[in-house]
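This report describes the strand arrangement, helix packing and nonpolar cores of one protein model. Please consult the sequence and the structure shown below while reading.

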Amino acid sequence: MAPNTGAQQGLLMHGFGTGAEQVAGVFRSALNAAAGLPGAAIEIVIQGPAVADLADDGGLARPVADALERGVSVLACENSMRSAAVDSHRLLSGVAPVPSAVVHLAKRQWEGWAYVRL
């Protein structure tokens, strides 16, 4: 499928891990990208057990707040949330669920977004 040249392009960052320490680098890299790509749309998608750290009692509150403050969107895979027993109402403020990280990643790439997995 060819990229949609009329769609907004951006940077999609994919974090997969078992906990906050494994995906913390995604947040640091997103802040660096936001500084280096002013005006670009940037999304972080967290997949795997690390989605539990996107909950209000998880270990990613500060990195999420910093990312949101810089205009970076933070998304949580609902498939992973089900596996980790995380309800969407427990997600940190500003974190949005997506039904499937894999589907979201594919759609963004088809729209012409750059993809980075960390």
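## Strand β2

Strand β2 is covered on both of its faces: A41, E43, V45 and Q47 are buried on one side, and I42, I44 and I46 on the other. Seven of its seven residues are thus buried, where buried denotes a relative accessible area under 20%, exposed one over 50%, and partly exposed a value in between (1.4 Å probe, protein chains only). Strands are DSSP runs of E with at least two residues, helices are runs of H or I with at least four, and both are numbered from the N terminus.

## Basis of the model

The model is predicted; local features require pLDDT of at least 70 and side-chain atom pairs pLDDT 80 or more, whereas totals for chains, interfaces and linings use all residues. Residues are numbered from 1 along each chain as its sequence is written, and side-chain values use heavy atoms, leaving out hydrogens and water.

## The sheet

Five strands form an open sheet with parallel pairing, in the order β4-β3-β2-β1-β5. Strands β4 and β5 stand at the edges with a single partner strand each, so one side of each has no neighbour in the sheet. From one strand to the next, the twist averages 25°. Two strands count as paired if DSSP finds at least two bridges between them.

Strands β1 and β2 are joined in the parallel sense by seven bridges. Among the bridge partners in β2 are A41, which pairs with G10, and Q47, which pairs with F16. Four bridges link β2 to β3, and these strands also run parallel; here I44 stands opposite V74 of β3.

Two right-handed β-α-β units involve β2: one consists of β1, α1 and β2, and the other of β2, α2 and β3. A crossover is right-handed if, with the strands pointing away from the viewer, the path from the first strand over the helix to the second runs clockwise.

## Helix α4

Helix α4 spans residues 101-110, and A101, H104, L105 and R108 are buried in it. Viewed down the axis of α4, these buried residues fall within an arc of 100°, so they line one face of the helix; the arc is taken from the directions from the helix axis to the C-beta atoms.

The buried residues of α4 pack against β1 (10-16), β2 (41-47), β3 (73-77), β4 (95-98) and β5 (114-117). Contact means heavy atoms within 4.5 Å. The helix runs at about 155° to β2, with axes fitted to C-alpha atoms, for helices over the stretch in contact, and angles from 0 to 180 degrees between N-to-C directions. After α4 comes G112, which has a positive phi near 100°.

## Nonpolar cores

A nonpolar core is a set of buried Ala, Val, Leu, Ile, Met, Phe, Trp, Tyr and Cys residues joined through side-chain atoms within 4.5 Å. The largest such core has 27 residues, of which F27, I42, I44, I46, L54, V64 and V95 touch the most other members. At least two residues each come from β1, α1 (20-36), β2, α2 (61-69) and β3. Helix α1 provides the largest share, seven residues.

Beyond its neighbours within four places in sequence, L54 contacts residues including F27, I46, V64 and V95. A second, separate core of nine residues includes L12, A41, L75 and W113.

## Residue V116

V116 belongs to strand β5 and is partly exposed, with a relative accessible area of 29%. Residues up to four places away in sequence aside, V116 touches L11, L12, M13 and H14.
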